[in-house]
Amino acid sequence: MVILKDLPAEELFLPGHRHCSGCGASMAARMALKASGKEVVVTNATGCLEVASTIYPYSSWMVPWVHTAFENAAATASGIEAAFKAMARRGGRSRVPPIISFAGDGGTFDIGMQSLSGALERGHHMLYICYDNEAYMNTGIQRSGSTPHGAATTTSHAGTKLPGKPEWKKDLIGISISHGIEYAATASVAYWNDYMTKVKKALEVKGPSVIHVLAPCPRGWRHEPADTVKIARLATQTLYFPIYEFERGAYRLNVKVPNPLPVEDFLRTQGRFSHLFKPEFSSEIQKIQDWVNANWARILNLCGETKT
Amino acid sequence: MQKIVGLTGDEAVAYAAKQSSVDVVAAYPITPQTVIVEQFAQYVANGEVHTEFVCVESEHSALSACIGASLTGARVFTATASQGLALMHEMLYIASSLRCPIVMAVANRALSAPINIYADHSDMMGSRDSGWIQVYAEDAQEAYDWTLQAFDIAEKDNVMLPVSVNLDGFTISHSMEGISVLEDDAARKFLPPRPISYIVDPDRPITIGAGNNPEYYFEFKRQQEDALRRSSKAVLETARKFGAISGRKYGVLDTYGLEDADVAMVGLGSCMGTVIEAARRLRKKGAKVGAIKLWLYRPFPERELLRTLEGLKSLVVLDRSCSFGAPNGALCSDILSTLYSTNLKLKISNVIYGLGGRDMTVPMIEAIYRRALRQKKQPLKRDVRFVGVRE
Ligand SMILES: Cc1ncc(C[n+]2csc(CCOP(=O)(O)OP(=O)(O)O)c2C)c(N)n1
């Protein structure tokens with residue numbers, strides 16, 4: 001496990017960017033680069049991370065960074081990897097630098113799913129990091145395939161009839177693993193050493209790897225900027241966002257939760273769920289708790305844990 | 001020394017790509033382009049090229065991967081057509097705006113619906129403003145020659161723009177011709193590998209594709225437009241260099257019979273061979289007709305075109321696509337606006353032909369010439385006709 005004194009003082013994701021205070025996505029980027037070091041190439045999907053870190057002529061990125069479009073961070077990375085390989089064959093650098101692709105949940109679960117799937121199937125050597133703030137934040141908080149059931153967004157309002165988003169979150173790790181890749185993991189900005197250890201590990205894998213990192217968004221989730229890490233931790237402590245990894249066929253639960261809190265404690269901290277506490281939608285909280293329980297049981301089972 | 005080999009247009013393009021020291025090919029199958037990537041994959045399988053072949057899951061990803069590779073510093077080739085080009089549309093602009101010297105063969109094909117796999121120019125015309133240099137081949141020989149030349153044009157320091165080499169689906173892509181190909185050594189001398197130089201480079205990190213607000217975006221676009229306009233000079237330079245080793249003369253356009261012509265026809269692609277044949281037959285009977293074949297469509301070769309128009313009384317513009325709801329076909333609109341600022345007075349008529357692979361025959365073209373020869377003055381209303389269609 002990475003410990004604080006192992007971390008380089010050098011920043012590869014510089015301050016001065018335009019991310020909101022308390023932004024989880026920018027924390028996820030900064031931590032990943034501290035773990036990777038500077039011998040790395042980054043591709044970035046359109047979204048908050050891209051927009052707020054590189055408003056010309058400024059850039060926060062002290063590593064080579066390429067943004068082309070929204071749905072293709074993985075495809076762009078494929079081309080970069082291919083170029084390094086081919087140029088090596090005719091006298092270029094012999095080492096292909098590790099490639100990290102960053103994309104939001106919209107750029108991953110939805111519009112970028114095909115490009116990600118193609119890249120995973122082809123087996124490029126790349127680490128794909130989905131920073132999950134559970135909605136399209138850059139365009140103003142619209143629902144994505146990752147937005148949880150019951151969350152209000154600007155395209156899944158909490159109305160008089162509908163309790164926010166009716167559908168449930170996709171299983172990104174399950175989808176990724178089913179491509180036959182060697183390494184995939186969830187992570188959270190609240191568990192920095194677990195996350196950074198995973199970045200290091202993923203970069204050592206031959207072929208593609210995926211990290212799905214929970215990155216709260218104070219604007220979209222409607223909480224105080226100072227509470228980002230606290231809420232991210234609650235997501236895990238309420239079993240809403242389990243932290244586990246898959247490595248060459250074996251699952252491991254990285255953050256055990258001996259005394260889980262009810263999911264209500266997580267929901268209550270955020271404005272996007274406030275309507276669930278009104279009498280007309282009160283049954284929704286139980287539905288979410290049921291989903292959480294079932295998901296947790298499934299993951300415990302995968303990880304070979306009986307109970308935590 | 002050159003040898004003559006029997007190749008279809010698609011095979012000729014693949015052969016040229018093989019001789020171009022291409023580092024990365026990322027492509028997706030679509031008729032009538034597929035043979036190009038299949039053939040190239042065969043070269044890869046046999047170890048005849050050093051190329052990294054990325055067999056992507058869509059055209060959008062094909063061009064995205066090409067952009068990533070080109071930005072890194074690789075020489076990059078791809079090919080597509082029709083729906084595939086349409087799916088790439090978003091990335092076409094990004095390739096040119098990020099100044100990626102990618103070469104892409106487009107085996108021109110109609111756009112759906114109804115789905116149709118045969119030739120017309122709707123695909124590339126729908127992307128004509130995407131900032132790519134666009135050349136059109138008349139036959140498989142030209143498709144081979146332009147593919148080799150395209151890399152040389154694209155990668156020039158003062159160009160750095162993508163090039164599309166257009167060849168009509170089936171008419172060129174699937175028709176076997178005897179083609180003069182360069183020896184590998186000669187091709188390599190004409191087009192050495194792209195110098196090894198990394199743009200995406202951990203030792204010199206830069207940010208590519210940063211967000212842009214109103215303060216800077218406009219300047220980027222202005223520079224891009226300047227670069228595209230300047231590139232017509234590069235096309236001529238490359239053509240001279242290529243002529244010296246191949247003996248085949250290229251430029252931005254070619255003419256036939258213009259010395260004394262009253263009426264000329266101008267167009268793009270494979271139909272121009274038929275046009276020249278029709279003109280030849282009519283000239284034998286004493287009709288003063290000629291033809292202008294545009295090799296280069298973007299940047300539009302205004303100056304060279306105007307020079308060819310002097311002395312003409314009438315010009316028929318052939319468009320193989322329909323700009324729905326526009327006053328004219330795309331090429332005709334370009335020519336009309338080029339002419340507007342001059343004092344050349346000639347009658348202009350526009351013919352839309354050949355959509356979805358409909359044949360344009362010598363007798364049809366002769367009839368168009370005859371009509372133009374008969375016409376005394378420009379009608380007041382626009383003169384756009386669909387030829388070869390049941391109306
Ligand atoms: C093809 C395309 N469709 C839509 C958009 C508009 N758009 C830009 S960013 C974005 C949302 C990004 O959401 P996500 O990937 O979750 O990242 P976040 O903004 O939350 O960081 C959308 C819809 C676009 N740029 N390109």
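Q: Which residue follows α10(B), and what is its phi?
A: Gly311(B) follows α10(B), and its phi is positive, near 90°. Helices here are DSSP runs of H or I with at least four residues, strands are runs of E with at least two, and both are numbered from the N terminus.

Q: Before we go on, how should I read the numbering and the values?
A: Residues are numbered from 1 along each chain as its sequence is written, and chains are lettered from A and ligands numbered from 1 in the order in which they are written. This is a predicted model in which local features need pLDDT of at least 70 and side-chain atom pairs count only at pLDDT 80 or more, while totals for chains, interfaces and linings use all residues, and side-chain values use heavy atoms, with hydrogens and water left out.

Q: Back to α10(B), which of its residues are buried?
A: In this helix, residues 302-309 of chain B, the buried ones are Glu304(B), Leu305(B), Leu306(B), Thr308(B) and Leu309(B); buried means under 20% relative accessible area, exposed over 50% and partly exposed in between, with a 1.4 Å probe and protein chains only.

Q: And what covers them?
A: The cover includes α8 (217-246), β10 (253-256), β12 (289-294), β14 (314-319) and α11 (330-340) of chain B, where contact means heavy atoms within 4.5 Å.

Q: Where does Ser21(B) sit, and is it buried or exposed?
A: Ser21(B) is in the loop between α1 (9-18) and β2 (24-27) of chain B, has a positive phi near 50°, and is buried at a relative accessible area of 10%.

Q: What about Met160(B)?
A: Met160(B), although not a glycine, has a positive phi of about 50°; it lies in the loop between α6 (140-154) and β7 (163-168) of chain B and counts as buried at 19% relative accessibility. For background, most residues other than glycine have a negative phi, and most peptide bonds are trans.

Q: Which residues does a cis peptide bond join in chain A?
A: Tyr56(A) and Pro57(A) are joined by a cis peptide bond with omega about 5°, and Pro57(A) is in the loop between α2 (48-53) and β2 (65-66) of chain A.

Q: New topic: what does Tyr195(A) touch?
A: Not counting residues up to four places away in sequence, its contacts include Phe102(A), Ile129(A), Ile211(A) and Val213(A).
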